[in-house]
Amino acid sequence: MKRSARIIIHPEAILHNLNVARQLAPHSKLQSVIKANAYGHGSIATAGIIYEVTDQYAVSCIPEAVVLRDAGIDKPINILQGFQNDRDLRIAEQLKLRLTVHDDHQLILLDNYSSRSDYRFDLNIKIDSGMHRLGFQPDRAESLYKKLKSHPQVNPDTLIMMTHFSSADELDNDCTSKQIDVFNRACANINTPKSIANSAGVLGWKDSHADWIRPGILLYGSSPFENKSRTELGLK
C-alpha cells in the first residue's frame with residue numbers, strides 16, 4: 001500500500017530565522033532567496049510568510065518568478081541567473097522583474113532589445129570574485145557599470161553590484177576573505193549599492209554584509225556550516 005508523506009512548516013520559525021539575519025546585518029536590506037520552490041518549502045507560501053519583513057525576493061529563473069507573480073506577489077523579484085533570450089526580457093518587462101547580468105551574451109540581448117522598447121530594467125551586475133561559475137572579471141566592473149548606467153534600457157538608479165561566495169561555509173578557508181577583497185577593490189570607485197553575503201556570509205563573515213544580504217538556506221533553519229548546528233546559530 002502506498003503511504004503518503006507530509007511536511008509541517010511553522011511560519012514563525014521562518015520569520016524567526018529571517019529576524020536572525022536582520023539582527024546580524026542591521027544596516028543591510030534583505031533579499032530573501034526562495035529559489036527552487038523555496039528549497040522545497042513552497043515558494044508562494046514562503047513569500048507570503050515573509051512578505052511584510054523582506055525587502056525583495058530572489059529566485060533562479062524567470063519561470064519561478066512567473067509562479068509568484070501569478071499568485072499575486074507584487075514585491076521586487078531578482079532573477080539570479082538573469083535572462084537567456086529575448087522572450088525572457090519581454091516577460092521581465094511585463095512582470096517588472098529585476099535581472100542579473102553576468103555574461104556578454106546578455107549584454108548583446110539587452111542592446112538589441114532597446115530598439116523595440118523604452119522600458120528600463122532594474123539590474124544586478126555580477127562580478128566573479130573567485131567562484132568561477134558566473135560573472136564578469138573584476139577588471140571589467142567599472143566599465144560595465146558605466147556602460148549599463150548610461151544604457152537606454154537600464155534604470156540607472158537601481159543598479160546593484162553583486163558577487164557570490166565559493167567557500168563561505170568553510171570558516172577556516174581564507175578564500176572568502178580574498179573574494180571580499182577582490183570584489184571591494186573592483187567596486188572601489190563605483191557609487192552604487194553592493195550585495196555579497198549569502199547565508200554563510202550573513203552568519204559567518206561580517207565584512208560581507210554590505211548594502212544587501214541574500215539569506216537563503218538559513219531561512220529554513222539549516223546551518224550552512226559543517227561544524228556549527230542551527231541551534232548554535234540561533235536558527236529554528
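Student: At 0% relative accessibility, does isoleucine 79 count as buried or exposed?

Tutor: Isoleucine 79, at 0% relative accessibility, counts as buried; that term means under 20% relative accessible area, exposed means over 50%, and partly exposed lies in between (1.4 Å probe, protein chains only). The model is predicted, so local features need pLDDT of at least 70 and side-chain atom pairs count only at pLDDT 80 or more, while totals for chains, interfaces and linings use all residues. Residues are numbered from 1 along each chain as its sequence is written, and side-chain values use heavy atoms, with hydrogens and water left out.

Student: In which strand does isoleucine 79 lie, and with which residues is isoleucine 79 in contact, leaving aside its neighbours within four places in sequence?

Tutor: Isoleucine 79 belongs to strand S3 (residues 77–79); strands (E, at least two residues) and helices (H or I, at least four) are DSSP runs numbered from the N terminus. Contact means heavy atoms within 4.5 Å. Apart from neighbours within four places in sequence, isoleucine 79 touches Val59, Ser60, Cys61, Ile62, Ala65, Leu97, Arg98, Leu99 and Thr100. For cysteine 61, 18 residues away along the chain, the C-alpha separation from isoleucine 79 is 5.4 Å.

Student: How many residues does the largest nonpolar core have?

Tutor: In soluble globular proteins, nonpolar side chains tend to be buried together. A nonpolar core is a set of buried Ala, Val, Leu, Ile, Met, Phe, Trp, Tyr and Cys residues joined through side-chain atoms within 4.5 Å. The largest one here has 63 residues, and Leu99, Phe121, Leu123, Ile125 and Met161 have the most contacts inside it. Beyond four places in sequence, leucine 123 is in contact with Arg98, Leu99, Val101, Leu110, Leu148, Val154, Thr158, Leu159 and Ile160.

Student: At what angle do helix H6 and helix H7 pack?

Tutor: Axes are lines fitted to C-alpha atoms, for helices over the stretch in contact, and angles between N-to-C directions run from 0 to 180 degrees. Helix H6 (residues 104–113) and helix H7 (residues 141–149) pack at about 15°, with axes 12 Å apart. H6 is therefore roughly parallel to H7, the term for angles under 35 degrees. The crossing of H6 past H7 is left-handed, which is said when the near helix is turned anticlockwise from the far one by less than a right angle; right-handed is the clockwise case. Leu107, Leu110 and Asp111 of H6 meet Leu144, Lys147 and Leu148 of H7.

Student: Which residues of H5 and H6 meet?

Tutor: Asp86, Leu89, Arg90 and Glu93 in H5 meet Leu109, Leu110 and Tyr113 in H6. By class, this contact has four nonpolar, no polar and three charged residues; Ala, Val, Leu, Ile, Met, Phe, Trp, Tyr, Cys and Pro count as nonpolar, Asp, Glu, Lys and Arg as charged, and the others, Gly among them, as polar. The axes of helix H5 (residues 86–95) and H6 come within 10 Å, crossing at roughly 65°, and the crossing is right-handed.

Student: What is the phi of tyrosine 39?

Tutor: Most residues other than glycine have a negative phi. Tyrosine 39 has a positive phi near 55°; this residue is in helix H2 (residues 35–39) and, at 30% relative accessibility, counts as partly exposed. Alanine 210 also has a positive phi, of about 50°. Alanine 210 sits in the loop between helix H9 (199–204) and strand S8 (212–213), and its 33% relative accessibility makes it partly exposed.

Technical notes:
Angles under 35 degrees count as roughly parallel, over 145 as roughly antiparallel, 65 to 115 as roughly perpendicular and the rest as oblique.
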